[in-house]
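Thanks for making the time, everyone. I would like to walk through a few local features of this protein, and then we can look at the structure together.

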Amino acid sequence: FYLLDGTPVLRRIENGSYTPKQVIIKSLALALKETVPIIFVEGVAYQTTLLFWAKEYTEKLKLDKLVEWVEIMPERSSKNARILTMFEQCSNGELFVHPDAWVPFKFEAINFDKLKTNNRDNVLDVAHYGPLVAITYRRKLEDAYHEAYYQSLAEKSARKRSLSIAEAVPC
């Protein structure tokens, strides 16, 4: 997710069957490529274990200063109820879907049946967290984005003038 004037934007989806290690590596690669400082992981079942290993792996690679893994808990309603709420949030402008994420989002949305409990809804499940993340972690995300942005400016400036990062930090 990105925040656009405080509104979450589902930016990109990597959807598929991956091993836990592949999930961690793909998540880190995407976070670094997109300059995303925080990766949110649903705090239920398998994901809780994944979170532990993701943090461990990130520290081992010495990337823990660039990317933080944060556990996020689902609300107490059913997954279908959360997804239906997310659809309302989309139509109310409380959540946007970037064109790069639109096809997988639309595919699952079209095939979603609110009466079934076994929908293919991985993308929709991720999307429903957007508004929650934007509200709960807004300040943390904004601080991290600003820090990453200014660090990026400092690095570009340092490269142009052959200065150290400490000398190039903008005022």
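Tyr 18 has a relative accessible area of 29% and is therefore partly exposed, a label that covers the range between buried, under 20%, and exposed, over 50%, with a 1.4 Å probe and protein chains only. Please keep in mind that this is a predicted model, in which local features need pLDDT of at least 70 and side-chain atom pairs count only at pLDDT 80 or more, while totals for chains, interfaces and linings use all residues. Residues are numbered from 1 along each chain as its sequence is written, and side-chain values use heavy atoms, with hydrogens and water left out.

Tyr 18 sits in the loop between β2 (7–10) and α1, where helices (H or I, at least four residues) and strands (E, at least two) are DSSP runs numbered from the N terminus. Not counting residues up to four places away in sequence, Tyr 18 touches Val 23 and Lys 26, contact meaning heavy atoms within 4.5 Å.

Now to the rings: the structure holds 4 aromatic pairs, counted when the ring centres of Phe, Tyr and Trp (its six-membered ring) lie within 6.5 Å, with planes under 30 degrees apart called stacked, over 60 edge-to-face and the rest tilted. One of them joins Phe 40 and Tyr 137, a tilted pair at 4.9 Å centre to centre with 55° between the planes. Because Phe 40 lies in strand β3 (residues 38–42) and Tyr 137 in the loop between α5 and α6 (138–161), this pair ties together parts that are 97 residues apart in sequence. Phe 40 itself, at 23% relative accessibility, counts as partly exposed.

The rings of Phe 52 and Trp 53, for their part, have centres 4.8 Å apart and planes at 85°, so that pair is edge-to-face. Phe 52 is partly exposed at 46% relative accessibility, and Trp 53 is partly exposed at 47%.

Leaving aside neighbours within four places in sequence, Asp 121 is in contact with Lys 79, Asn 80, Ile 83, Glu 108 and Phe 112.
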